[in-house]
Amino acid sequence: MLKLYFPIICMLAILASCKNKKNEQEILLKEAELIEREKELEVENELLIEHDAAVQLNPEVQLNLIHCENEKFIIRVDRLKSSDVRYMAWNRPKSSTERPDLILLDGEIEQQGSGGGYHFIFSNGHFTYIIENNLIGESKDATGVFLRILKNGEEELYTKMIDLKL
């Protein structure tokens, strides 16, 4: 009878050993996957930190004046501590967590009448970018934030934006 138990015990030990090797291999594979994911998250985190420092938490930004979007663009207009006005735009499908596609400085602010509306005007070569913040208009469609792009003084684009500051 003892002779019968010895092979059974050996077989169980071999099976347990094989199962442990399989579990060990699975654990090593999962550990490698976790290390790779951790590296990816570190890169994403560094990019977010860089973005926050450059765009949102930039110590030179005194005040965000406009933050708007539509299906084609995301736009921010900031007053810097130096009193300069900065325009930043991202072309979709980019998000504002990525580097802007266009950054313009030295913008002008024009008040529109006594109603409190403002236009933010930026020049870039032959192009003029105007962000209109119309607080009062003849209709609801005439109020809100609009993007106007002129090339050599001729209108290339005029589109309504969604005000993200509301």
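How many bridges pair β8 with strand β9, and in which sense? I looked this up before anything else. β8 and β9 (residues 154–163) pair in the antiparallel sense, over seven bridges. Ile149 stands opposite Leu157 in β9. I note for the record that the model is predicted.

**Entry: the β8–β9 turn**

I went on to the hairpin that β8 and β9 make. Two residues lie between its strands. Asn152 is found in this loop. I read its phi as near 55°, a positive value in a residue other than glycine. Is Asn152 buried or exposed? Asn152 is exposed, with a relative accessible area of 53%.

**Entry: confidence**

I checked how far the model can be read. The mean pLDDT of the chain is 81. Of its residues, 76% reach 70 or more. Where is confidence lowest, and where is it highest? The lowest mean, 69, belongs to helix α1 (residues 2–56). The highest belongs to β3, at 94. Where pLDDT is low, the predicted coordinates should not be read in detail. I kept my attention on the strands.

**Entry: layout of the chain**

Along the sequence the pattern is α-β-β-β-β-β-β-β-β-β. The chain has 166 residues, and 28% of them count as buried. Its accessible surface comes to about 11,900 Å². Carbon and sulfur atoms hold 56% of that surface.

In what order do the nine strands stand? I traced an open sheet in the order β4-β3-β2-β1-β9-β8-β7-β6-β5, with antiparallel pairing. β4 (102–104) and β5 (108–112) stand at the edges. Each has a single partner strand, so one side of each is left without a neighbour in the sheet. Neighbouring strands are turned by 25° against each other on average, direction ignored.

β5 and β6 pair in the antiparallel sense over five bridges. Glu108 stands opposite Ile121 in β6. Seven bridges then join β6 to β7, again antiparallel. Here Ile121 stands opposite Ile130 in β7.

β6 and β7 form a hairpin with two residues between them. Gly125 sits in the turn, and its phi is positive, about 65°.

How many bridges pair β7 with β8? I found eight, between residues 127–134 and residues 144–151, in the antiparallel sense. Phe127 stands opposite Lys151 in β8. Asn133 has Val145 in β8 as its bridge partner.

**Entry: the core**

Which residues have the most contacts inside the largest nonpolar core? The core has 19 residues, and I listed Ile66, Ile75, Val77, Tyr87, Phe122, Ile131 and Leu147 as those with the most contacts inside it. β1 (61–69), β2 (73–80), β3 (85–91), β4, β6 (117–124), β7 and β8 each supply at least two residues of this core.

I took Ile131 for a closer look. Its place is in strand β7. Why does Ile131 count as buried? Its relative accessible area is 0%, and buried means under 20%. Leaving out residues up to four places away in sequence, Ile131 touches Ile66, Ile75, Val77 and Tyr87, among others. Its list also includes Tyr118, Phe120, Val145 and Leu147. The C-alpha atoms of Ile131 and Cys68 are separated by 9.7 Å, and the two residues are 63 apart along the chain.

Then I turned to Ile66. Leaving aside neighbours within four places in sequence, Ile66 is in contact with Ile75, Arg76, Val77, Phe120, Ile131, Asn133, Val145 and Lys165.

Which residues does a cis peptide bond join? I found Arg92 and Pro93, with omega about 15°. Pro93 lies in the loop between β3 and β4.

I also stopped at Asp106, in the loop between β4 and β5. Its phi is positive, about 65°, although Asp106 is not a glycine. Asp106 is exposed, with a relative accessible area of 55%.

Technical notes: Residues numbered from 1 in each chain as written. Predicted model: local features only at pLDDT ≥ 70, side-chain atom pairs only at ≥ 80, totals over all residues. Heavy atoms only, no water. Pairing = 2+ DSSP bridges. Helix = DSSP H or I, 4+ residues; strand = E, 2+ residues; numbered from the N terminus. Axes fitted to C-alpha atoms, helices over the stretch in contact; angles between N-to-C directions. Core = buried A, V, L, I, M, F, W, Y, C linked by side-chain atoms within 4.5 Å. Buried < 20%, exposed > 50% of the residue type's maximum accessible area, 1.4 Å probe, protein only. Contact = heavy atoms within 4.5 Å. Areas by Shrake-Rupley, 256 points an atom, 1.4 Å probe, with all protein chains shown as cover. pLDDT = per-residue confidence, 0-100.
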